[in-house]
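Hi everyone, and thanks for coming. I'd like to walk you through one model today, so please have a look at it on the screen first.

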Amino acid sequence: MISALPLAPRSHWIGGLDPRLRILSALLFALVTVSLTKLSTALVAFVLAAALAASLGTGLRVLLRRFLALEGFMLILLVTLPFTVSGEPLVTLGPLAASGSGVALAVEILLKANSIALVLLTLVGSLEPVVLGHALARLGVPEKLVHLLLMTVGQVHLLREEFVRLRQAMRARAFVPRSNRHTWNSYGWLLGMLLVRSAERSRRMMAAMRCRCFRGHFHLLDSIQWRRADTTWALGLGLPLAALAILDRLS
Amino acid sequence: MAHIPDGVLSAPLLITGGLVSAGLLLVSLRQLDYDRLPQAAMLSATFFVAALISVPIGPSSVHLLLNGLMGLLLGWTAVPALFVALVLQAIFFGFGGILVLGVNTLNLALPALLCALLLRPLLRRLAPGRGFWLGAAAGGLGVLATGALVALSLGLSGEAFRPAAQVLLVTYLPLALVESFVTGTAVAFLHRVAPDLLLHTEASSG
C-alpha cells in the first residue's frame with residue numbers, strides 16, 4: 001500500500017520545505033480547525049485545505065476517494081446527528097424531526113475531519129518515510145519509537161507482498177470469501193501463516209543486522225536546516241490560520 | 001471502524017487521551033529493548049497488513065481490529081506497535097486523525113493490555129487443541145472492549161452523540177463474532193505449527 005501512495009515529486013515546491021515545519025504546520029492546522037465553532041469558518045478551513053491539496057495535483061482524487069469511502073463511524077454519526085440535536089425541525093419523519101442545527105453540526109464535523117485529513121495527507125503523507133522518521137526524532141519523539149516506525153514502514157510493503165501471494169494461492173484454489181465458518185477459518189490460517197513468515201523474516205533481519213555490526217542503535221544522519229523558504233511558508237500559513245481563528249471568535 | 005476522526009471529540013477528552021497514551025507509551029518503550037525492535041516492527045507491520053483483509057458479513061464487510069491478538073502475542077509491546085500502525089494509517093490513508101491519536105491509541109491499546117493481563121498467563125500452560133478458545137477469547141474481548149471504549153469516548157463528548165454511540169456499540173457485535181473465529185483459528189494454527197512463536201514472545205517481554 002505504501003508504494004501506491006501519491007508521493008509528491010522531489011522537485012515540487014513543497015519538497016524544499018523543512019520536514020519538521022511540515023509536521024508542525026499540519027498540527028497547527030488541525031488545532032485551529034478543531035477549535036472552530038461555526039459552519040462558515042469550518043468551510044473556509046476546508047477550502048484552505050482543498051487549495052493546498054489541489055496545488056499539489058493529487059488533491060481531487062484523494063478527496064474523492066475519502067468521501068466515497070466514508071467509514072461506518074462517520075456514517076452513523078452523520079445519520080443520527082440531525083435527529084439528536086434539538087432545534088427548529090427541518091424535516092419530519094413520523095415521530096422523528098431532523099433539526100437544522102443538527103444538520104449543520106453534522107456538516108461541520110464532516111468538513112473539519114476531511115480538511116484535517118487532507119492537510120495531513122498533503123503535508124506529512126507525502127514525506128518519504130525515512131525523512132519523516134528523522135524529522136520526528138528531531139522534534140523530540142523518543143528514538144526507540146522512531147526506530148520502530150521506520151522499521152515497520154520498511155516491512156509493511158514486504159509483508160504486503162507476502163499477503164498478496166498467500167491470497168493469490170487461496171484464489172487459485174477457488175476460495176471466495178463469504179459469511180461462513182469456512183471463510184473465517186481460512187482467514188485465520190492466512191493470518192497465522194503471515195505471522196509465522198514474519199517471525200522468520202524478523203529473525204533473518206536481526207541476524208543480517210548483527211553481521212553488519214548493529215549494536216541496537218541507528219545513527220540519524222541528516223542535516224535538516226531552516227531556510228528562508230521555510231520562514232515564508234510559516235508566515236503564509238500562520239497568518240491565514242490566525243485570521244481564521246479570530247474570525248471564528250468575532251461574529 | 002475504531003478510527004475516530006478529528007473534529008468530533010471534545011477538547012478535555014482529547015487532552016486526557018493524549019496524556020494517558022503518552023504515559024503508556026513511555027512505560028512500554030522502557031520495557032522494549034533495541035534487540036527486540038525488529039520483531040516488534042515485524043509484528044506491527046503484520047497487523048497493519050492484516051487489518052486490510054475485509055471479511056464479508058451479510059451484505060456488508062468488516063475489517064479486523066486484531067488488538068486482542070496483539071495483546072496476547074506482544075504484551076506491553078502492543079502499545080507502541082498499535083500506536084505506530086495508527087500513525088501510519090492516519091498520515092498515509094487519512095483514517096482517524098492527528099489530534100485524536102491519543103484517544104484512538106487508548107481505545108485499541110487498553111483492550112490489548114487487558115487481554116495481555118488476563119489471557120497471556122494461560123499461554124504457557126495451554127493444553128493441545130485448546131488454542132482456539134484462547135485466541136477466540138482474545139479476539140472477542142479485544143473487539144468488545146474497543147467498541148465500549150469508542151462508544152464511551154463519543155458519549156462523553158456530548159449529549160447529542162449518545163444515540164450514535166449506542167448504534168455504534170451494536171455494530172461491534174458481528175465484528176466481535178467474526179474476529180473471535182479468525183483469531184481463534186490463527187492461535188490454534190500457531191500453537192500447532194510454531195509453538196515457539198507463542199512461547200518465545202511470552203518468555204522475553206513479559
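**A helix, an interface and a few residues**

Let's begin in chain A with helix H1, residues 19-35: its 17 residues reach 25 Å from the first C-alpha to the last, close to the 24 Å expected at 1.5 Å a residue. That expected span is 1.5 Å times one less than the number of residues, and helices here are DSSP runs of H or I with at least four residues, strands being runs of E with at least two, numbered from the N terminus.

Before I go on, a word on where this comes from. This is a predicted model, in which local features need pLDDT of at least 70 and side-chain atom pairs count only at pLDDT 80 or more, while totals for chains, interfaces and linings use all residues. Residues are numbered from 1 along each chain as its sequence is written, chains are lettered from A and ligands numbered from 1 in the order in which they are written, and side-chain values use heavy atoms, with hydrogens and water left out.

Back to H1(A). Its buried residues include A:Leu21, A:Ile23, A:Phe29 and A:Val32; buried means under 20% relative accessible area, exposed over 50%, and partly exposed in between, with a 1.4 Å probe and protein chains only. What do the buried residues of H1(A) pack against? They meet helices H2 (39-54), H5 (100-124), H6 (129-138) and H9 (228-250) of chain A, where contact means heavy atoms within 4.5 Å.

Now to the partner chain. Chain B comes to 8 helices and 2 strands, and along the sequence they follow the pattern α-α-β-β-α-α-α-α-α-α. Of its 206 residues, 68% count as buried. Taking contacts in chain B with a separation of 6 or more, 77% are between residues 24 or more positions apart.

How do the two chains meet? In all, 71 residues of chain A are in contact with 75 residues of chain B. The area buried between them is about 6600 Å², and carbon and sulfur atoms give 81% of that; buried area is the accessible area (1.4 Å probe) that two parts lose on being put together, summed over both. On the chain A side, A:Phe73, A:Lys144 and A:Trp184 lose the most area to chain B, together 13% of what that side buries.

How many salt bridges are there between chain A and chain B? The count is 0, taking a salt bridge as a side-chain nitrogen of Lys or Arg within 4 Å of a carboxyl oxygen of Asp or Glu. H8(A) gives the largest share of the side of chain A that touches chain B, with 21 residues.

One residue I'd like you to find is B:Val87, in helix H4 (residues 78-93) of chain B. B:Val87 is buried, at a relative accessible area of 14%. Beyond its neighbours within four places in sequence, B:Val87 is in contact with A:Leu149 and B:Leu101. B:Val87 and B:Ile98 are 11 residues apart in sequence and 7.9 Å apart in space, C-alpha to C-alpha.

Finally, two backbone details. A:Ala174 is not a glycine, yet has a positive phi of about 65°; A:Ala174 sits in the loop between H7 and H8 of chain A and is exposed, with a relative accessible area of 64%. B:Leu66 also has a positive phi, near 65°. Is B:Leu66 buried or exposed? B:Leu66 is buried, with a relative accessible area of 0%, in the loop between strand S2 (60-63) and helix H3 (67-74) of chain B.
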